[in-house]
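Dear colleague,

Please find below the structure that I promised to hand over. My notes on it follow, and I would be glad if you read them with the model open.

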Amino acid sequence: MKAKTLDGLDIDLKPETVNGLKMQLQGLLYMPGDAGYEESRSLWNAMIDRKPAVVARCLGTADVMACVRFAREHNLLLCIKGGGHNIAGLAAADGALMLDLSLMRGVWVDRERRIAHAQAGCILGDVDRETQVHGLAAVLGFISTTGIAGLTLGGGFGYLTRRWGWTADNVTGMDVVTADGRLVHASRDEYADLFWGLCGGGGNFGVVTGFDYRLHDVGPEVVGGLVAWPASEAAGVLELYRTLAEQAPPELTLVALMRRAPPAPWLPPERHGTPVVALLACYSGDPDEGEKVVAPIKSFGAPIGDVLVRRPYAQLQTLLDATQPKGRRYYWKSEYLSSIEPAFCEKAIEHAANVRSPHSSVILFQMSGALNQLDYDHSPVGNRDARYVFNVAGSWEQPDDDQANIEWARNAWHDMKAFSTGGTYINFLTEDEGQERIEAALGSALQRLAEIKTRWDPQNVFRINRNVKPI
Ligand SMILES: Cc1cc2nc3c(=O)[nH]c(=O)nc-3n(C[C@H](O)[C@H](O)[C@H](O)COP(=O)(O)OP(=O)(O)OC[C@H]3O[C@@H](n4cnc5c(N)ncnc54)[C@H](O)[C@@H]3O)c2cc1C
């Protein structure tokens, strides 16, 4: 069977060689044609279609160690799949040995220490479900089907970021299989350089098999959900967003969305497919206080739908899942903002009105708060001047529509990036964004990351990622 080496050469992997790996695994091994191979290699973004030579569906750390050692022994290209949600498709590579971690979904909560240990194949919903049993939560993202691994290793933000910082700021330890196939536990006290690098520098330094997350009191009930208005009200709604967001207590996170109304049961059928503007809110503190804080949103103008209510936090975390299904085609452009200017809002409204697909949107996330208060080099995620992030999110179904949708996102971004801090979120970068954009995302952390890379992965075994080259 044809496979790729680390140097990009084609080699023939003999069946007995592959069988040698199979004998070492407790998990499954798939090759093209095997049942399970297609499911493992398929990614959230259907624009990306890559065919690994072999897929190892690992069941635990020992399987991961066996795979890394096997890849080293045969000089094989290696790729790692957590949740497979990376828009650039960095979980898969042609001809590689793919480590598919998606069966490693255990979560253990230590209530006394307020720590959750989560295996690296978990999706966000796995962690929310187990931590909410105790009225606790980790700082994670907005869509429950996203993988924790890629999200955490690239930074991570969601409804709780304003209170407690990036997801990576809330990790206390990681189990890591290093390039030489060893297992180490990295934290601020052990292998501190490796730990620092992994808290935002991506999977450049090893395969993380488990994360320890610091937990916080959240829920189980919060005030959260959406209020929507016709797009004709967008100017007023974005002005409301601007003012509320600037004064909002850290418990409140606000997201503005502009798109065509999806066929959601809470929106009147006659509005489906028509342009709308919506505010998504989560008040993660006391729900009584939350109801007062969100009242100006609910009473603004004449909404066409309102599901901003008391609800379980874990349910809020799934509210947008249906809008981002696996298997559509996606293309994003994104930048950080330090404030929202009225002129930015005008541009956002203009470009949202020109979407080429009913699934596309212009989204403005609020993230200001705790992350702005930490030292710039607290972790490589950096960007401690970021208070908002906007995402021009193209989403459509047919390959024939690729060009029109990509052009829409690029044009909108070109027009809006003048408002950027100059920084961008590494986890939102698409396949065609290269070194210049990695530099925009990681900034001055890159030099230190390259030194860490040189110590921990001098041969660049872990290269299917936003790659930091060894020196
Ligand atoms: C619908 C959707 C919603 C999103 N919402 C948010 C959000 O709210 N907040 C946010 O911060 N981000 C969000 N993101 C971005 C998200 O953080 C990235 O897409 C992230 O890469 C997803 O992680 P994953 O494990 O699913 O990625 P994968 O595609 O599996 O992997 C991404 C990268 O991480 C590496 N990797 C994966 N697992 C490991 C591991 N165990 N050890 C070492 N390296 C590993 C891979 O090699 C690859 O380079 C969203 C993405 C999508 C598609």
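Where in the chain does N460 lie? N460 is found in the segment after α15 (445–456), where helices (DSSP runs of H or I, at least four residues) and strands (DSSP runs of E, at least two) are numbered from the N terminus. Although N460 is not a glycine, its phi is positive, at about 55°, and the residue is buried, with a relative accessible area of 7%; buried means under 20% relative accessible area, exposed means over 50%, and partly exposed lies in between, as found with a 1.4 Å probe on protein chains only.

Before going further, please keep in mind that this is a predicted model, in which local features need pLDDT of at least 70 and side-chain atom pairs count only at pLDDT 80 or more, while totals for chains, interfaces and linings use all residues. Residues are numbered from 1 along each chain as its sequence is written, and side-chain values use heavy atoms, with hydrogens and water left out.

As to the overall layout, the protein chain is divided into domain 1 (2–100), domain 2 (107–217 + 444–456) and domain 3 (221–428), with bounds that come from an automatic or database domain assignment. The centres of domain 1 and domain 2, taken over C-alpha atoms, are 23 Å apart, and 12 residues of domain 1 are in contact with 14 residues of domain 2, contact meaning heavy atoms within 4.5 Å.

An open sheet is formed by 5 strands in the order β7-β8-β12-β10-β11, with antiparallel pairing; two strands pair if DSSP finds at least two bridges between them. Because β7 (107–110) and β11 (183–187) stand at the edges with a single partner strand each, one side of each is left without a neighbour in the sheet. From one strand to the next the twist averages 15°. Within this sheet, β8 (residues 115–119) is joined to β12 (residues 207–214) by 5 bridges, and A116 has Y213 as its bridge partner in β12. Helix α4 (residues 124–132) packs on the sheet, touching β7 and β8, and its direction makes about 35° with that of β7; such angles run from 0 to 180 degrees between N-to-C directions, with axes fitted as lines to C-alpha atoms, for helices over the stretch in contact.

In another loop, between β13 (216–217) and β14 (221–230), lies P220, and the peptide bond from G219 to P220 is cis, with omega near 5°.

Leaving aside neighbours within four places in sequence, the contacts of L99 include C58, C67 and V207.

Finally, the structure holds 0 disulfides, a disulfide being a pair of cysteine sulfur atoms within 2.5 Å. C58 is in no disulfide, and the nearest cysteine sulfur, that of C67, is 4.2 Å away; C58 is buried, with a relative accessible area of 1%.
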